[in-house]
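Please look through the report below with the sequence and the model side by side, and follow each named part as it comes up.

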Amino acid sequence: MIRVKVKKQPSGKIASFTMDGHADFAEHGKDLVCAGASAVSFGAINAIFALTDAKLIIDQGKDGGFLRCSVPDDLPAATEEQVQLLLEGMIVSLQTIERDYGKYIKITFK
């Protein structure tokens, strides 16, 4: 199962997220849950890098199955707003996957 843990600040802003595990929906290379979750999360990170000046802190496993992304505390307000919007969009997309494939992906908030 893919486990997504989203850490929010008391203000509700996303401070970080971690994805770990494997969906095991299908064999490697044909797992649409894994492909979808990967595309959504890496797409959001790539969009943040391409569209903002934010320097996210990324930690990634060598062989897949692990991704951590932390948002720096010192972003300018306008950049913070853009980053938050893109991350909230990522969460909506992951929740859509979870709704249809909840046996293979679980999202929790802290």
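This is a predicted model: local features need pLDDT of at least 70, side-chain atom pairs count only at pLDDT 80 or more; totals for chains, interfaces and linings use all residues.

Two strands are said to pair if DSSP finds at least two bridges between them, and strands themselves are DSSP runs of at least two residues, numbered from the N terminus.

**The hairpin**

Strands β3 and β4 form a hairpin that leaves five residues between them, and in its turn Gly 64 has a positive phi of about 80°. The two strands, β3 covering residues 57–60 and β4 covering residues 66–70, run in the antiparallel sense and are joined over four bridges. Within this pairing, Ile 58 stands opposite Cys 69 of β4.

**The largest pocket**

At least two lining residues come from each of β2 (14–20), α1 (32–51) and β4, and α1 gives the most, with six residues. Sorted by class, the lining consists of 10 nonpolar, 10 polar and five charged residues.

The side chain of Ser 41 reaches the backbone oxygen of Ala 37 at 2.9 Å. When residues up to four places away in sequence are not counted, Ser 41 touches Phe 17, Met 19, Leu 67 and Met 90.

Is Glu 81, by contrast, buried or exposed? Glu 81, which is placed in helix α2 (residues 77–101), is exposed, since its relative accessible area is 61% and the cut-off for exposed is over 50%.

Asp 20 lies in strand β2, and, leaving aside neighbours within four places in sequence, Asp 20 is in contact with Met 1, Ile 2, Arg 3, Gly 65 and Phe 66.

| Pair | Separation in sequence | C-alpha to C-alpha distance |
|---|---|---|
| Asp 20 and Thr 52 | 32 residues | 26 Å |
| Glu 81 and Asp 24 | 57 residues | 35 Å |

How values were computed
Residues are numbered from 1 along each chain as its sequence is written. Side-chain values use heavy atoms; hydrogens and water are left out. Ala, Val, Leu, Ile, Met, Phe, Trp, Tyr, Cys and Pro count as nonpolar, Asp, Glu, Lys and Arg as charged, and the others, Gly among them, as polar. A polar contact is a pair of N or O atoms within 3.5 Å; within protein, one must be able to donate a hydrogen and the other to accept it, and residues adjacent in sequence count only if both atoms are side-chain atoms. Contact means heavy atoms within 4.5 Å. Buried means under 20% relative accessible area, exposed over 50%, partly exposed in between (1.4 Å probe, protein chains only).
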